[in-house]
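This report goes through one structure step by step, beginning with a loop, moving on to the ligand and its surroundings, and ending with some helices and a strand. Please keep the sequence and the 3D view open while reading.

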Amino acid sequence: MEMAGKMVESRTVLVTRRDGYHEIVLNRPDKLNAFTVGLHGELMAALREAEADDSCRAVLITGAGRAFCAGQDLNERVFTDGVAPDLSENLAARYNPLTTFIRNTRLPVVAAVNGVAAGAGASLAFACDIVIAAHSAKFVQSFSRIGLIPDAGGTWILPRLIGDARARALFMLADTISAKQAAEWGMVWKITEDSALLAEAADICLRLAATPGSAIELIKRALATSQHNTLDQQLAAEAELQRQAGIHPEYRESVERFRRKA
Ligand code: LHQ
């Protein structure tokens, strides 16, 4: 086991175990951190390792160099060459499990979007629980430019973030959206000065790490069903999740702490 703060280097993903959270850096800066089979494998391994580490209470994902992630590596031959590749296999094997993992993990996942997020790189950011972006970051739904549809959950998540009219136009026109516009539209939680991005992301992770993990996990579960439940169904779901929250020791401990201070 590595000590907190020690960097564990692999080829395309860098992991730093910090106190309370793991920092994961997509690390193909020359190719704007585009997804390859290898990067997918290392990213999933890093996420699974974070989840399995009891001392880890949040995950931070960012990109090395000037980009966050440029989506699928379009030079990865198996997905672009030859006669009619079956792209659904790549989605089923890699992108879909990644999105599902981020949404379902007990850990809050923070994306610090340091530069351009394109295609499935944007979908990755939007799958995360809290997204902050550097002032110079950009978002582009570049899929239609190359004859594809948004994937990795993009057609589900983005309309829910910014509404159908904006998502529909972005998907079809592939306009590049500035970080400022993304914040105004509700695509991201907040934007920061470029130089302040990582400090801000670290601060968010530390605050999440100091929040009862039981609450964070149950909030994620409540939000996962709220989009398709009726109000009555969601009220029932809230009651069940709150029952679970109420019997967790973190609830009793937190209330006792509150009362001692009062
Ligand atoms: C790249 C990439 C890249 C390889 C920049 N691949 N090299 C797809 C297919 C299969 C299965 C399932 O799902 C998907 C989902 C998808 O993600 S589809 C969308 C794929 N991504 C894109 O279409 C984005 C392509 N990239 C761009 O449009 C631009 O590079 C952006 C707008 C991201 C940035 O533009 P610039 O800042 O002008 O940078 P650049 O274009 O000069 O790129 C720098 C280098 O990175 C360059 O390499 P080089 O060796 O010439 O310096 C690019 O070729 C490379 N790169 N994106 N996706």
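## The loop between β3 and α1

N33 is found in the loop that runs between β3 and α1. The model shown here is a predicted one, and every value in this report should be read with that in mind. Is N33 buried or exposed? With a relative accessibility of 0%, N33 counts as buried, because the cut-off for a buried residue is under 20% relative accessible area.

The side chain of R28 is joined to the side chain of D73 by a polar contact of 2.8 Å.

## The ligand and its contacts

Which residues come nearest to the ligand? There are 24 residues around the ligand, and those that come nearest are K31, R66, Q72, L74 and D151. For R66, an N or O atom of the side chain is 2.8 Å from an oxygen atom of the ligand. The backbone takes part too: a polar backbone atom of A70 is 2.9 Å from a nitrogen atom of the ligand, and a backbone N or O atom of L74 lies 2.9 Å from a nitrogen atom of the ligand. On its own the ligand has 1000 Å² of accessible area, and the protein covers 69% of this area.

Where does the ligand sit? The ligand is placed in the second largest pocket. When the residues of the shell around the ligand are sorted by class, 13 are nonpolar, six are polar and five are charged.

The side chain of N90 is joined by a polar contact of 3.3 Å to the side chain of Q72, and Q72 is one of the residues that come nearest to the ligand.

## Helix α4, an enclosed element

Why can helix α4 (residues 120-127) be described as largely enclosed by the rest of the structure? Eight of the eight residues of this helix are buried, so the description follows from the count. The buried residues of α4 are A120, G121, A122, S123, L124, A125, F126 and A127.

Although A120 and Y95 are 25 residues apart in sequence, their C-alpha atoms are 8.1 Å apart in space.

## Distances along the chain and in space

Two further pairs let the reader set a separation in sequence beside a distance in space. A134 lies in strand β8 (residues 130-134), and at 1% relative accessibility A134 counts as buried. A134 and S195 are 61 residues apart in sequence, and from C-alpha to C-alpha they are 8.0 Å apart in space.

The other pair involves D203, a residue that lies in helix α8 (residues 197-209). The relative accessible area of D203 is 37%, and D203 is therefore partly exposed, because buried means under 20%, exposed means over 50%, and partly exposed covers the range in between. D203 and I146 are 57 residues apart in sequence, and from C-alpha to C-alpha they are 38 Å apart in space.

Technical notes
Residues numbered from 1 in each chain as written. Predicted model: local features only at pLDDT ≥ 70, side-chain atom pairs only at ≥ 80, totals over all residues. Heavy atoms only, no water. Near = heavy atom within 4 Å. Polar contact = N/O pair within 3.5 Å; in protein donor to acceptor, adjacent residues only side chain to side chain. Areas by Shrake-Rupley, 256 points an atom, 1.4 Å probe, with all protein chains shown as cover. 1 Å grid on protein atoms, 1.4 Å probe; cavity = no way out; pocket = protein on both sides within 12 Å on 5 of 7 lines; lining within 4 Å. Sits in = over half its atoms within 2 Å of the grid points. Nonpolar A, V, L, I, M, F, W, Y, C, P; charged D, E, K, R; others polar. Helix = DSSP H or I, 4+ residues; strand = E, 2+ residues; numbered from the N terminus. Buried < 20%, exposed > 50% of the residue type's maximum accessible area, 1.4 Å probe, protein only.
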